[in-house]
Amino acid sequence: MGSLHLPIQERSEQTEEIRGHVREFLRQEREAGTFVPKCDTWLSGFSPEFSRKLGERGWIGMTWPKRYGGHERSAIERYVVIEELLAAGAPVAGHWIADRQTGPLLLRYGTEQQRMSFLPRIARGECYFAIGLSEPNAGSDLAAVRTRAEKVEGGWIMNGSKTWTSGAHHAHYMITLCRTSPYHPENRHEGMSQLLVDLSSPGVTIRPILLMTGEHHFNEVFFEDVFVPDDMLIGQEGNGWKQGMTELAFERSGPERFLSTFPLLEELVNRLRQSGQKHLMAQAAKLVSRLWTLRHMSIGVAHLLEKGETPDVAAALVKEMGTTFEQQVAEVVRLLLPTSPSVDAADRLDQLLAQSILHAPGFTLRGGTTEILRGIIAKGVIAK
Ligand SMILES: Cc1cc2nc3c(=O)[nH]c(=O)nc-3n(C[C@H](O)[C@H](O)[C@H](O)COP(=O)(O)OP(=O)(O)OC[C@H]3O[C@@H](n4cnc5c(N)ncnc54)[C@H](O)[C@@H]3O)c2cc1C
């Protein structure tokens, strides 16, 4: 099963040195009151000031070439930085998508002009991107995408809509999967392209969809005769499906797929330690050992991505197991301790538990549902 062989990465002095710097930075920021640790902040913790501070320290675009504003660090060094930020519940949502997948996509398929224009701004923590895949009738079945862009002099005219678009109300641009050739039922993956849409363009309307917590996190985005210039095509016209699938390996395998509820898990362990409830500690220890396994798998995928491979089956496995795990953290806490979860609770555990419970249904939907991932894993394993 070659597709599921994941290399083990050892810790090094270098990675632990970076870890020390990040922890010290986070300690200072917490003490200064810049942020209060929360669950699921990679999607709902928006702070341009915080993103800029990370950019100044060289913690965005870490693996990218220096000529594009990157820092030429290794994938494992980047991994250490992002896992510390997530574990601390820091507000990283602003730049998250751009750092995780837009940058790598542009490095692989973008033109030199696109790289020079966007990557340095992303790396400074100043330029944010949204993912334009899902539509009202195209979610799991992405080949059903109907948003279309028709060729005109100097560019395209886009019409259609996207939905569940995380952070579109904060983002400057959206990488939009659309049809640049008519839909053919027999060949549904053909004729799609990725266009980089400036969300401040005339004809773009962004409407909020509120979360159960009342937070504004995702959106509906409408395109009415939006002009997209020629130089905003990513890669080749008609190659959008293949390019989009490459992006998904970056999207599915990172530590954000199992650390969304880490601040809650940490609080649970602290409570059990303080109260000396050793018999309950075994339940928490089971969660921690699963977390450790997931972490090794996820680092293994990061290593393969760095080598230019597309470990889509392993990435799907990390996401399936990781998102189920982060949901279960909330369930275990609820069963182990007497709690009164509320987002406004004075008690930290109650607050983190409420955030986790209210965000948890989305964990196994966003980035591909559990059912779809299981299909990919099953097909991938059979194919080997
Ligand atoms: C918090 C959050 C953030 C999101 N952010 C973004 C974003 O930024 N950009 C973006 O483009 N999208 C985003 N999404 C959308 C997400 O990618 C979709 O919700 C997801 O792909 C599922 O699509 P759907 O909602 O249309 O459900 P559907 O595809 O309609 O699925 C409904 C149910 O049927 C099941 N199902 C469907 N097909 C099959 C099948 N073949 N076999 C077995 N079961 C099947 C699914 O597993 C699911 O349980 C986000 C979603 C959430 C929850």
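# A walk through a predicted model

The end C-alpha atoms of residues 239-381 lie 26 Å apart. This span is 76% helix and 0% strand. The model is a predicted one. For residues 239-381, an unreviewed UniProt entry lists the domain "Acyl-CoA dehydrogenase/oxidase C-terminal".

By class, the lining of the second largest pocket counts 16 nonpolar residues, 10 charged and one polar.

Helix H4 leads on to Ala90. This residue sits in the loop between H4 and helix H5 (93-109). Is Ala90 buried or exposed? Its relative accessibility is 0%, so Ala90 counts as buried. What does Ala90 touch, apart from its neighbours within four places in sequence? Its contacts are Leu26, Phe35, Thr41, Phe50 and Leu85. Ser44 and Ala90 are 46 residues apart in sequence. In space, their C-alpha atoms are 10 Å apart.

Two residues call for a look at the backbone. Glu72 has a phi near 55°, a positive value in a residue other than glycine. Glu72 is found in the loop between helix H3 (48-56) and H4. Asp225 also has a positive phi, near 50°, and is likewise a residue other than glycine. Where does Asp225 lie? Its place is in strand S7, residues 216-229. With 53% relative accessibility, Asp225 counts as exposed because the cut-off for that class is over 50%.

How many disulfides does the structure hold? The number is zero. A disulfide is a covalent bond between the sulfur atoms of two cysteines. For Cys127, the closest cysteine sulfur is in Cys178, 19 Å away, and therefore too far for a bond. A disulfide here requires sulfur atoms within 2.5 Å.

Definitions and conventions: Residues are numbered from 1 along each chain as its sequence is written. This is a predicted model: local features need pLDDT of at least 70, side-chain atom pairs count only at pLDDT 80 or more; totals for chains, interfaces and linings use all residues. Side-chain values use heavy atoms; hydrogens and water are left out. UniProt positions are given in the numbering used here, feature names are shortened, and annotations may be inferred rather than shown by experiment. Helices (H or I, at least four residues) and strands (E, at least two) are DSSP runs, numbered from the N terminus. Ala, Val, Leu, Ile, Met, Phe, Trp, Tyr, Cys and Pro count as nonpolar, Asp, Glu, Lys and Arg as charged, and the others, Gly among them, as polar. Buried means under 20% relative accessible area, exposed over 50%, partly exposed in between (1.4 Å probe, protein chains only). Contact means heavy atoms within 4.5 Å.
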